[in-house]
Amino acid sequence: MIHHTPNSEVGSPSTLCLPTAPSMSYLYTADDFDANGNFISTGGLSGDGFDPVSSTGSERVPNINQIDWDDPSLYIMPLTNDEIAALTKDIAATNIPTIPELPTPPARTPSPQPSPTEAVDIAATYIPTIPELPTPSARTPSPQPSPTEAEVPDTIVEIPESIREANTSSWAARNPTRAIIRPQTPPPRLTDAQKASRKIKRDQRLERTKNLHDVVAEYLNAQKTKIEALSRAHHVTPKHINDIIGSQTHYRTSRKSQLINALVHAKAKEMNADRPAGSRYSLAELREMVAADPETKGLTRQEKEGYIAALEEHRQKKVVSVRANNLAAARDVVATTDRIVKELDDLRVRTGVYGTLFVVRGHINDTIQSAMHGTDNSEDFWEDVYEHPMADFLRQYEQWACTQNQNLNERDSLEAVRKQVRRLILRGLVAVTGKKDIVMNYNNYETSVIETYGVHLVGWPHGVKFTSPSNIGTVGDIRKLRDALKARTCYWTVLSPAEVKAHASELDTRRSAGEVVRKPRKKCSDAGVPRKRKDGSSAGRANKENHRPLKRAKKNPAQLQEGPKSAEFVESSDEEEGDE
């Protein structure tokens with residue numbers, strides 16, 4: 001085994017072919033300089049054939065101004081005979097097979113250093129082809145490794161499963177169980193003929209657009225003249241007529257999947273599946289194919305439902321899938337954030353609301369740029385109330401989000417969804433009753449909530465037991481309840497007086513039948529033992545189980561007792577015995 005030593009007498013291949021530069025003593029003598037090192041000679045060159053490289057130092061070069069510094073021979077170092085022979089030998093040895101790369105010695109048990117003589121001989125023979133090996137540790141040298149150890153680097157190393165799962169470079173890598181939205185393949189480069197053809201089409205399209213705009217402008221001018229005439233004839237303002245003509249709603253509901261769209265989607269999967277990017281059929285061409293296809297004319301009801309179900313599944317998959325890489329995720333965030341900002345600004349104009357938007361990345365490896373937006377002067381709220389600019393909250397929000405380090409499955413864990421459900425149910429109960437200190441009572445829901453406050457929770461998911469979220473033990477059931485609460489299919493509603501009276505009558509009937517309507521509270525272990533209580537501690541606290549426990553008020557430092565809590569002077573036992 002060959003080791004590179006720092007003090008080896010063998011030079012590297014790059015230094016073997018570099019001649020040593022001659023010193024200034026070959027050109028000038030000590031008499032040409034004064035005591036301060038200044039050049040003082042004023043003589044001439046020692047001959048026209050003066051060679052500064054082969055000079056022995058006996059020649060005089062008295063005047064530096066007469067040297068031709070543009071002469072290339074001043075800057076060329078000729079090779080010696082030994083160097084030429086070494087280069088020739090290297091060229092002749094190019095057909096010698098190279099030595100394969102040696103295995104890296106183990107870090108804990110490096111082999112001993114070879115003797116200087118062996119190092120010189122081996123290096124002189126194999127310097128042109130040997131690879132560079134790491135320097136072994138010099139602290140604890142150990143004997144030569146056994147053949148079994150030497151074969152270890154040639155074996156295939158299995159990557160642990162934990163390393164494969166530790167990829168956190170992108171959002172898709174942190175969610176390996178989720179479907180991935182594959183990025184679109186860029187189309188091939190256009191040829192000159194294709195560029196010319198597209199330029200012609202573009203020019204024609206621009207010409208058609210310009211003609212259309214001119215016609216529309218003429219129509220608008222004529223319409224304006226007509227509206228002014230109508231306003232004078234009917235004694236109304238032109239704005240009133242424009243509002244009647246252009247009135248439209250800004251609220252849109254999601255439409256159901258149409259059969260024609262489902263058929264076009266199926267035709268696209270059939271025709272464009274094997275075609276490369278840039279040569280696929282357009283939407284207009286696919287619609288023509290569907291219209292001309294005779295198989296789409298006599299579809300049964302089940303076949304139509306199958307096509308529509310396939311389209312809805314495709315749309316839902318695109319919504320819940322994750323982006324393939326950080327670049328695609330960042331572009332999606334930018335595009336979606338721009339739409340949200342525009343919607344907030346339009347909503348502010350229509351309704352006068354204030355809105356604030358924070359968008360931050362969820363992992364340190366994400367390339368998403370954090371953004372914030374506030375309508376009107378919303379940013380002043382953070383400085384006026386919290387005395388910090390809005391940007392400070394954005395940075396803190398981003399730091400908190402990055403420290404969570406959770407993927408989608410971790411965010412939707414059983415405990416996390418339980419917290420969301422408890423928060424949603426309690427928030428709705430507070431909103432519908434107007435009582436901020438109320439709590440949800442699942443055991444006595446019919447008496448403590450419905451009968452007492454006249455509210456009811458409608459739309460509890462079928463198949464999920466009505467109980468506290470802490471008692472729901474399956475992730476599927478708790479997610480179903482969470483989704484119903486978010487979609488507002490499960491919500492709180494106020495009962496009418498007649499409904500409250502009917503519910504109370506039903507409870508009385510069940511009580512008369514011997515049914516336990518109200519579940520009794522558990523007794524304390526020290527029940528019956530007298531305890532000291534402050535006066536008025538339980539006054540006016542009806543329905544204690546529907547109220548949150550009161551928090552103790554914090555005392556200001558000025559209200560705290562200034563004097564010592566214990567005695568200021570404590571007598572020792574020795575002083576007591578002396579007094580006796």
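In the predicted model, His 503 counts as buried, because its relative accessibility is 12% and the limit for burial is under 20%. This histidine is part of helix 18, which spans residues 497–512. Apart from neighbours within four places in sequence, His 503 is in contact with Glu 446, Ile 450 and Glu 451. The C-alpha atoms of His 503 and Ile 450 lie 8.2 Å apart in space, although 53 residues separate the two in sequence.

Aromatic contacts were examined next. The search of the whole structure returned 12 aromatic pairs. One of these joins Phe 381 and Trp 382, whose ring centres are 5.2 Å apart. The planes of these two rings stand at 75 degrees, and the pair is therefore edge-to-face, the class assigned to planes over 60 degrees apart.

Tyr 445 is located in helix 16 (residues 445–453), while Phe 466 is located in the loop between strand 5 (455–458) and helix 17 (475–486). The pair therefore ties together parts that are 21 residues apart in sequence. Tyr 445 is buried, with a relative accessibility of 8%; Phe 466, by contrast, is partly exposed, with a relative accessible area of 31%.

An aromatic ring is also approached by a charged side chain. Arg 275 lies over the face of Tyr 281, at a distance of 4.6 Å from the ring centre.

Helix packing was characterised for helix 6 (residues 192–234) and helix 7 (residues 238–245), which pack at an angle of about 120 degrees. The axes of the two helices are 9 Å apart, and helix 6 passes helix 7 in a right-handed crossing. On the side of helix 6, the contact is made by Gln 223, Ile 227, Leu 230 and Ser 231; helix 7 contributes Pro 238, Ile 241, Asn 242 and Ile 245. Classified by residue type, this contact contains 5 nonpolar and 3 polar residues, with no charged residues.

Backbone geometry was considered last. Most residues other than glycine have a negative phi. Asp 376 has a positive value, with phi near 55 degrees. This aspartate is found in the loop between strand 4 (371–374) and helix 12 (379–385), and is partly exposed, with a relative accessible area of 46%. Arg 488, likewise not a glycine, has a positive phi of about 65 degrees. The loop that holds Arg 488 runs between helix 17 and strand 6 (491–494). Arg 488 is classed as exposed because its relative accessible area is 65%, and exposure is assigned over 50%.

Notes
Residues are numbered from 1 along each chain as its sequence is written. This is a predicted model: local features need pLDDT of at least 70, side-chain atom pairs count only at pLDDT 80 or more; totals for chains, interfaces and linings use all residues. Side-chain values use heavy atoms; hydrogens and water are left out. Rings of Phe, Tyr and Trp (its six-membered ring) pair if their centres lie within 6.5 Å; planes under 30 degrees apart count as stacked, over 60 as edge-to-face and the rest as tilted. Helices (H or I, at least four residues) and strands (E, at least two) are DSSP runs, numbered from the N terminus. Buried means under 20% relative accessible area, exposed over 50%, partly exposed in between (1.4 Å probe, protein chains only). A charge sits over a ring if NZ of Lys or CZ of Arg is within 6 Å of the ring centre and within 35 degrees of the ring normal. Axes are lines fitted to C-alpha atoms, for helices over the stretch in contact, and angles run from 0 to 180 degrees between N-to-C directions. A crossing is left-handed if the near helix is turned anticlockwise from the far one by less than a right angle, and right-handed if clockwise. Contact means heavy atoms within 4.5 Å. Ala, Val, Leu, Ile, Met, Phe, Trp, Tyr, Cys and Pro count as nonpolar, Asp, Glu, Lys and Arg as charged, and the others, Gly among them, as polar.
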